[in-house]
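Please keep the sequence and the structure in view while reading.

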Amino acid sequence: MPDIPLPELLHVSESTLLLLGVISLITFIGTLIVVPWLIVRIPTDYFAPEKRQPAPWSDQHPAIRWILLIAKNLFGAILVVMGIAMLVLPGQGLLTILIGLVLLNFPGKYRLERWLVLRRPILRAVNWLRRRGGRESLIFD
C-alpha cells in the first residue's frame with residue numbers, strides 16, 4: 001500500500017465515507033420500522049411444537065409456491081446479512097438476524113429459532129415489541 005498521508009486518504013475517499021454513512025442511516029431507520037412490524041406478525045404459538053402451522057401458500061399452484069419460497073428465503077438471507085453488519089453498525093442486529101432466520105428454510109431451523117428466542121434478552125425484547133403492537137407474548141409449550 002502506498003504511503004498516502006491520512007488527510008489525503010480521507011479526502012480521496014470522502015464520497016465513499018458519505019455513501020457508507022447514508023447506507024448505515026437508511027439501514028438503521030429501516031430496521032427500526034421493519035423488525036418490529038415483522039415481530040408483531042409472528043403467530044403467538046409459532047414456537048409451540050404441537051401448534052406448528054403450514055405455510056400460508058401451501059395450497060397454491062406449485063409455480064407460485066416456488067416463487068414465494070425463493071422470495072421469502074432471499075429476503076431472509078438479506079436480513080441475516082444486514083443483522084450481522086448491525087452487530088458493529090447502528091441497528092437492531094440480533095433481532096434482525098432472528099427475523100431473517102425465521103424467514104429462511106434450512107434443516108434444524110426450528111430448533112435454532114427456539115434456542116435464540118429463549119435467550120432472556122431476546123425474549124424480553126421480542127415480547128416487549130409484541131405488547132407495544134397489541135399482541136400477546138409468545139407461547140412455547
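Contact here means heavy atoms within 4.5 Å. By that criterion, residues 24 or more positions apart account for 63% of the contacts in the chain with a separation of 6 or more.

This is a predicted model: local features need pLDDT of at least 70, side-chain atom pairs count only at pLDDT 80 or more, and totals for chains, interfaces and linings use all residues. Residues are numbered from 1 along each chain as its sequence is written, and side-chain values use heavy atoms, with hydrogens and water left out.

**Overall layout**

The chain has six helices and zero strands. Read along the sequence, the pattern is α-α-α-α-α-α. Helices (H or I, at least four residues) and strands (E, at least two) are DSSP runs, numbered from the N terminus. Of the 141 residues, 30% count as buried. Buried means under 20% relative accessible area, exposed over 50%, and partly exposed in between, with a 1.4 Å probe and protein chains only.

α3 (62–86) has 25 residues. From first C-alpha to last, α3 reaches 36 Å, close to the 36 Å expected at 1.5 Å a residue. The expected span is 1.5 Å times one less than the number of residues. The buried residues of α3 are Lys72, Asn73, Gly76, Leu79, Val80, Gly83 and Met86. Their cover includes α2 (14–40) and α4. An α-helix has 3.6 residues a turn, so residues three or four places apart point the same way.

α4 (93–103) is mostly covered, with 10 of its 11 residues buried. Among them are Leu95, Ile97, Leu98, Ile99, Leu101 and Val102. What covers the buried residues of α4 includes α2, α3, α5 and α6.

Leu89 sits in the loop between α3 and α4. Leu89 is partly exposed, with a relative accessible area of 43%.

**α2 against α6**

How do the axes of α2 and α6 cross, and within what distance do they come? The axes of α2 and α6 (residues 120–132) come within 9 Å and cross at roughly 85°. That makes α2 roughly perpendicular to α6. Axes are lines fitted to C-alpha atoms, for helices over the stretch in contact, and angles run from 0 to 180 degrees between N-to-C directions. Angles under 35 degrees count as roughly parallel, over 145 as roughly antiparallel, 65 to 115 as roughly perpendicular and the rest as oblique.

Pro36, Ile39 and Val40 in α2 meet Val126, Leu129 and Arg130 in α6. By class, this contact has five nonpolar, no polar and one charged residues. Ala, Val, Leu, Ile, Met, Phe, Trp, Tyr, Cys and Pro count as nonpolar, Asp, Glu, Lys and Arg as charged, and the others, Gly among them, as polar.

**Aromatic pairs**

A search of the whole structure finds two aromatic pairs. Rings of Phe, Tyr and Trp (its six-membered ring) pair if their centres lie within 6.5 Å; planes under 30 degrees apart count as stacked, over 60 as edge-to-face and the rest as tilted.

| Pair | Centre distance | Plane angle | Class |
|---|---|---|---|
| Tyr46 and Phe47 | 4.9 Å | 85° | edge-to-face |
| Phe47 and Phe140 | 5.5 Å | 20° | stacked |

Phe47 lies in the loop between α2 and α3 and Phe140 in the segment after α6, so their pair ties together parts that are 93 residues apart in sequence. Tyr46, Phe47 and Phe140 form one aromatic cluster. Tyr46 is buried at 16% relative accessible area. Phe47 is buried at 0%, and Phe140 is buried too.

**Around the cluster**

Glu113 belongs to α5 (residues 109–117). Is Glu113 buried or exposed? At 1% relative accessibility, Glu113 counts as buried. Not counting residues up to four places away in sequence, Glu113 touches Tyr46, Phe47, Leu98, Leu101 and Val102.

Ile139 is found in the segment after α6. At 38% relative accessibility, Ile139 is partly exposed. Ile139 and Tyr46 are 93 residues apart in sequence and 7.5 Å apart in space, C-alpha to C-alpha. Leaving aside neighbours within four places in sequence, Ile139 is in contact with Thr44, Asp45, Phe47 and Ala48.
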